[in-house]
Amino acid sequence: MAIQTKRRQSVPRRSRRREQRGGFPWPLLLLLAVLAGAWYLWQHDRQEEPVPATEPIRTSSKPTDEDADYRDLAKEVQRALVARLEAQGATATLEGETEKSAERSATGGNILWQAVNMAVVPTTEPDIAEIVRGIRPASGRLTVGAEMADTWQGKPVSRYDVQLTDSPDGTEWTLTLAHLYVAPAPPGVKTSPAPAVTAPAKPKPKPKAAAGGSGKLAIVVDDCGNDLASQRIYEQTGRRFTLAVMPDMAYTHEAAVQGHAAGLEIFVHMPMEPLSGSGMEARTIRMDMTREEMQKMAQEGLDRVPYAIGVNNHQGSRLTADREAMRTVLAVLARNGMVFLDSATAGNTIGDQVARSLGMPSGRNEIFLDNETDEEAIRAQIRKAAAIAKRDGTCIAIGHCRPHTAAAVASMIDELEADGIELVFASQLLY
């Protein structure tokens, strides 16, 4: 009985030990852990190294009772652009930082911001749109314009305009914060970034850079298309001038082709209705036209001038003061990828403001050079324009395609460059 009792007691103990050993699946748990670790390593190794995400920019605009100041925000955006470009192996160099302002009509103050040129030498083809999307400003939204063919010190590049759109007063403003001049990526295998970047490109014939670079002056030559001999004087200087060609002149086509072949910039000098209602061209955009008629005439004007990249108004003191009329006309120019220069033939003009509200690079004439035909008087006006350029960093001036004006401008080039003035295209000073 003692032996039987011992056997009955030992059987349950062996059974419980077997249940304890087999009740928890330790080998299976170990296998799952190994598989999970292998999956993590595989996922980690297969991920491409991303471009570092940009932290949201905390600096915002500083609206006051009068001004809306975007200058600090612009600098933060520019720094973020450099950081993201360099993360892709590119060399990014800032040049030509310029303080900008525009009238803030809602308060009587100004919109203030900063624009900069950025030379980019990539090692691989950069995705500029993706780079800009990764930057989140505290105020407004960033966009990048379409790729445009340009030059950077005689070499072809792609230009991209980085713009901030915001509504400090309920009306949208579009401010260009940076012009990116992106050199072509080298072919083949990825290489190291170039150690340095070159200076801005010049068309043929190659203009001279300003000594000291103390101011940029754009001279727009209006009324081209009648006097090819006077136009040729500008072409032979080998400097940068913008030719504003009238769309219905005797030599409209020849003027645009000849100027473009000489390396000058071509605008359409678009006739618009003046307050006086007198002296208008036969084909002038007028206030009594329907919307469709205005847009048709604007498009026909563009079509008549080959190689044009921008427009400025001929006369137009009535039309350029009317917001709805300017929106109608500028919508056509925007669809054609034009920039717009307001000739400022009247103090109440709003053409440049309306253009910027549509996202178009725009600017305003600051001084007329040849209200008088006397060459010495014209030279005096050119010196005033140079003084504005030295004071503000930039100046846009308008002269006309006339013999005395051409002679005066040509005679002033050495003096201007000795004074540190660089002659540039009007489009370079639009924002």
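Me: How many cavities of 30 Å³ or more does the count come to?

Reply: The count comes to 1 cavity of 30 Å³ or more. A cavity here is a set of points, on a 1 Å grid over the protein atoms alone, where a 1.4 Å probe fits but cannot get out. This is a predicted model, in which local features need pLDDT of at least 70 and side-chain atom pairs count only at pLDDT 80 or more, while totals for chains, interfaces and linings use all residues. Residues are numbered from 1 along each chain as its sequence is written, and side-chain values use heavy atoms, with hydrogens and water left out.

Me: How much space lies in the largest cavity?

Reply: The largest cavity holds about 40 Å³ of space. A volume is the space filled by probe spheres set on the grid points, which are joined across faces, edges and corners.

Me: Which residues line the largest cavity?

Reply: The lining consists of Pro 247, Asp 248, Met 270, Pro 271, Arg 283, Ile 285, Met 297 and Gly 301. Lining residues have an atom within 4 Å of a point. Strand S11 (265–272) and helix H7 (291–304) each supply at least two residues of this lining. Helices (H or I, at least four residues) and strands (E, at least two) are DSSP runs, numbered from the N terminus.

Me: How does that lining of the largest cavity divide into nonpolar, polar and charged?

Reply: It divides into 5 nonpolar, 1 polar and 2 charged residues. Ala, Val, Leu, Ile, Met, Phe, Trp, Tyr, Cys and Pro count as nonpolar, Asp, Glu, Lys and Arg as charged, and the others, Gly among them, as polar.

Me: On to pockets. What is the volume of the second largest pocket?

Reply: The second largest pocket has a volume of about 470 Å³. A pocket is an open set of points with protein on both sides within 12 Å along at least five of seven lines. It is lined by 19 residues, of which Ser 101, Arg 356, Arg 364, Glu 366 and Tyr 431 are the closest to its centre.

Me: Which element gives the largest share of the lining of the second largest pocket?

Reply: Strand S3 gives the largest share, 5 residues. S3 (91–104), H9, strand S14 (362–364) and S16 each supply at least two residues. The lining of this pocket divides into 5 nonpolar, 6 polar and 8 charged residues.

Me: Since S16 came up, how many of its residues are buried?

Reply: In strand S16 (residues 394–400), 7 of its 7 residues are buried, where buried means under 20% relative accessible area, exposed over 50%, and partly exposed in between (1.4 Å probe, protein chains only). Thr 394, Ile 396, Ile 398 and His 400 point one way from S16, and Cys 395, Ala 397 and Gly 399 point the other way. In a regular strand the side chains alternate between the two faces of the sheet.

Me: Which way do S9 and S16 run, parallel or antiparallel?

Reply: Strand S9 (residues 215–224) runs parallel to S16, and 7 bridges join them. Lys 216 stands opposite Thr 394 in S16. Two strands pair if DSSP finds at least two bridges between them. Strand S15 (residues 367–368) also pairs with S16 in the parallel sense, over 2 bridges, and Ile 367 stands opposite Ala 397. The chain crosses from S15 through H10 to S16 in a right-handed β-α-β crossover; right-handed means that, with the strands pointing away from the viewer, the path from the first strand over the helix to the second runs clockwise.

Me: New topic. How many salt bridges does the count come to?

Reply: The count comes to 23 salt bridges, each a side-chain nitrogen of Lys or Arg within 4 Å of a carboxyl oxygen of Asp or Glu. In one of them, the closest N and O atoms of Asp 69 and Arg 71 are 2.7 Å apart. Asp 69 counts as buried at 17% relative accessibility, whereas Arg 71 is partly exposed at 30%.

Me: What about helix H10: how far apart are Glu 375 and Arg 379 in it?

Reply: Glu 375 and Arg 379 are 4 residues apart in H10 (residues 375–392), so about one helical turn separates them. Their side chains meet in a salt bridge (3.6 Å, N to O). Glu 375 counts as partly exposed at 27% relative accessibility, and Arg 379 as buried at 18%.

Me: With which residue does Lys 390 form a salt bridge?

Reply: Lys 390 forms a salt bridge with Asp 419, the closest N and O atoms being 3.1 Å apart. The pair links distant parts of the chain, 29 residues apart: Lys 390 is in H10, and Asp 419 is in the loop between helix H11 (403–418) and strand S17 (421–424). Separately, salt bridges that share partners join Asp 248, Arg 283, Lys 296, Glu 300 and Arg 304 into one network.
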